[in-house]
Amino acid sequence: MKKGIITVSREFGSRGKYIGELLAEKMGYQLYDREISLRVAELSGLDVEFIEMQGERAASKSVFSFAFAGRTMDGQSVDDVVFNAQQKVIREIAEQGNCVIIGRNSDYILKENPDTMHVFIYGDMPEKIQYCKDFCGTRSDRESIALIREMDKKRALNYQYYTDQKWGSKENYDILLNSSTYGYEGCAEILTQLLNIKMQ
């Protein structure tokens, strides 16, 4: 029997997480987001808030900075510890099937799993700016754009370091959707239909 496993990667402000929530609700699937960080905290012994920050975001300004991070006696940086625990948790979740996994390089971690559908959600800048003003407390377009670029850069650097691939590149996903074009409900409905086709 096929398992339904959807990974959702997203630009900051595109509401990819919300679309994932809608999709999980429509399909009756389990949604995994912060729950992953909680499990990683149990495995690694690290603080969950720290893991939330490190889980898919580079703390450094360049990919080369990862290589010079402080390391344990077995050669792992704290970032490596988080990523390795994250891989273990995500693979365990995928074994159960019927789930939506938000971010955390899950598309790469599960790239060999035939039951997965990998999704990337992006959006137009006006809608992303409005999201930042509504939910992130930014007060101007300029401040919003700076936040969007900073968050996306951190995700891209983290992804590049651990996957050696380009974040957001079409080669890494089964479908890319513009949430500004189709709307949040529309994206969830499209994904529901595609998933139902895949599950046949």
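1. A salt bridge here is a side-chain nitrogen of Lys or Arg within 4 Å of a carboxyl oxygen of Asp or Glu. Keep in mind that this is a predicted model, where local features need pLDDT of at least 70 and side-chain atom pairs count only at pLDDT 80 or more, while totals for chains, interfaces and linings use all residues. Residues are numbered from 1 along each chain as its sequence is written, and side-chain values use heavy atoms, leaving out hydrogens and water.

2. Aspartate 33 is buried at 10% relative accessible area, whereas lysine 17 is partly exposed at 36% (buried is under 20%, exposed over 50%, partly exposed in between, with a 1.4 Å probe and protein chains only).

3. Glutamate 49 and arginine 34 also meet in a salt bridge, at 3.0 Å from N to O. Glutamate 49 is partly exposed, at 45%, and arginine 34 is partly exposed too, at 35%.

4. On to the rings: the structure holds seven aromatic pairs. Rings of Phe, Tyr and Trp (its six-membered ring) pair if their centres lie within 6.5 Å; planes under 30 degrees apart count as stacked, over 60 as edge-to-face and the rest as tilted. Phenylalanine 83 and tyrosine 162 are stacked, because their centres are 4.2 Å apart and their planes at 15°. Both of these residues are buried.
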